[in-house]
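This briefing goes through selected features of one protein model, grouped by topic. Please read it with the sequence and the coordinates at hand.

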Amino acid sequence: MDIICAKCGKHFSSIEAAREHSGHCKETSEGEPIHWIPAPKSKITPEEWENLMKLINPQDVSPTTAPSNLEPTAMESTSSEGSAEPDVAVPPASSKSKRTPEKKVVDKDKRKKTSNYKIQNWLIAILLIFALCVIGLGVSIFVGNFIPLWLMLGFSFIFSIEKWFYYYTRRYKVLGKLYRLLLNLSILSLLGLTVWSGIKLFSQQFVYSQLIGSLIFLAELVFFVWLWRIVSKNSWRWPSMKLTVFSLICLSIIFAFAGVSPFTDYKNSFITRYTTWTEERERARLEEEAVAKAEEQKKIQEAIAMMPIPVKEAPTRSETASGLTTTQALDIEEAEQEAFTLINAIRVEAGLPATKWNDELYKLSKQHTQDMADRGELFHTPLGSSHGENAWGGYGYYHYRYDELAKVIVSSWMSSPLHKAWLLHAPIKESVVSIVVNPDGQYASWSFWMNTLDRGPELIEKIVREWKSSGSDLPWIEWLQMEGYLKP
């Protein structure tokens, strides 16, 4: 058993529940008989339906709506020809109906007479919609905004359907689908209106008064909550909310590309804004990269030099041929220790640990410095060697005195960002300084172990990456000189 109250739409699966509902239906007026309809997939026969109505209303002979999906019997067809209500199944006369007291018949006749003067539901709905629209129009004119009128119109229309015409939306599938579509479109429109009103309200661009704007926004929220309950109540209907949203998006896209106004205007405006936004972001990114690169290049270019700037002009060989040069009386070992001490002092001042002297490393460094002096030029140990160095000096550097030689060497390295990066590289634990002086010049090396380092200074690694990515065939030192990182 599965029957439905035609007024409120509730389903009942037992006779006791249907009897109890007969006197408590909120959608039925007092004295108005209950109309029942079978479930859509019910297979009950007309005889079974009449017997079921007798069981539900054993003492009432009020008309009940016959199921539209049942074929009437021959007897029912004959009786319906003279009946004014063909969709009402009247139970056949029985001995019980003949013994009905006369008082009940009189009361029933009175109910029929009084019901003739009852206002029809459609007229009540029209009056309600008209009254609320007039109120909404008056409020809209007062506040200078037509949102109250639309809220009143939407509320009155949906409320009237729920109150007086809900039965028809259940009985006729087409009306039910149209009603669900109306609910979906209404709540989506109300959601957009509420969001727009909230943005305008908080930006103080809604109405002339913040109080009135707040009241309108509150009314929208209340209407949205009420409408959400109505949509949830009808969630079993087709089409679903997801299908409605998806269909609206697809239709909007089709209309936008088909040239239908205003969808095309919205599309063009969106594409223009998105293109402008992406171009501005790309331009800002390029500007940031250019500024960062310029600052980095400026930092690298500042005082970059492989050779130190001489404190004074180097004397010519003719000026020193008559006597001993100052470097011939120089204590080389003391100059090496002084330079080593200065480098450690700079590291400690920068918060780095001082390096330790290593005799084996000193032998390798001394040999490299002697090779530079023999060749009369500066060069580095090959890549992949066990040790590396900062080199200083060259042909003609034979004029610095002992008390200034160590300071000149260290200050020259500190004035070059590339050499300074190695001096202040924290992972270096052991280092040495070696100096070689010959009649043609002065040469020095600050050497350290390379095979104990996982990586070099960040600045050096960045320039190495630039060198490799440039695809140049020039050696490392020559490429640095060509790019301006080192002075030739």
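Predicted model: local features only at pLDDT ≥ 70, side-chain atom pairs only at ≥ 80, totals over all residues.

**Aromatic pairs and charges over rings**

- The rings of Phe155 and Phe223 have centres 6.4 Å apart and planes at 80°, so this pair is edge-to-face; it links distant parts of the chain, since Phe155 belongs to helix 7 (residues 147-164) and Phe223 to helix 10 (residues 210-233), 68 residues apart.
- Phe155 counts as partly exposed at 31% relative accessibility, whereas Phe223, at 12%, counts as buried.
- Trp446 and Phe448 form a tilted pair, because their ring centres are 5.0 Å apart and their planes stand at 45°; Trp446 is buried at 0% relative accessibility, and Phe448 is buried at 2%.
- One aromatic cluster is formed by Phe155, Phe159, Trp164, Phe223 and Trp226.
- Lys267 lies over the face of Phe257, at 4.7 Å from the ring centre, and the charged end of Arg375 sits over the ring of Phe379, 4.0 Å from its centre.

**Nonpolar cores**

- The largest nonpolar core has 29 residues, of which Trp392 and Trp446 touch the most other members.
- Several elements each supply at least two residues of this core, including helix 14 (332-349), strand 7 (431-438), strand 8 (441-449) and helix 18 (458-470), while the largest share, six residues, comes from helix 16.
- Apart from this core lies another, of 19 residues, among them Leu190, Phe206, Ile216 and Phe217.
- Beyond residues up to four places away in sequence, Trp446 touches, among others, Ile343, Glu389, Trp413, Trp422 and Val433.

- Nine of the nine residues of strand 8 are buried, so the strand is largely enclosed by the rest of the structure.
- Both faces of strand 8 are covered, with Gly441, Tyr443, Ser445, Ser447 and Trp449 buried on one side and Gln442, Ala444, Trp446 and Phe448 buried on the other.
- Strand 6 (residues 387-395) runs antiparallel to strand 8 and is joined to it by nine bridges, with Tyr395 standing opposite Gly441.
- Strand 7 is also antiparallel to strand 8, through eight bridges, with Ser431 having Phe448 as its bridge partner; strands 7 and 8 form a hairpin with two residues between them.

**The surroundings of His368**

- His368 is found in helix 15 (residues 359-375) and counts as buried at 6% relative accessibility.
- Leaving aside neighbours within four places in sequence, His368 is in contact with Phe379, His380, Thr381, Glu389 and Ser445.

Conventions
Residues numbered from 1 in each chain as written. Heavy atoms only, no water. Helix = DSSP H or I, 4+ residues; strand = E, 2+ residues; numbered from the N terminus. Buried < 20%, exposed > 50% of the residue type's maximum accessible area, 1.4 Å probe, protein only. Contact = heavy atoms within 4.5 Å. Core = buried A, V, L, I, M, F, W, Y, C linked by side-chain atoms within 4.5 Å. Pairing = 2+ DSSP bridges. Phe/Tyr/Trp six-rings, centres within 6.5 Å; stacked < 30°, edge-to-face > 60°. Lys NZ or Arg CZ within 6 Å of the ring centre and 35° of its normal.
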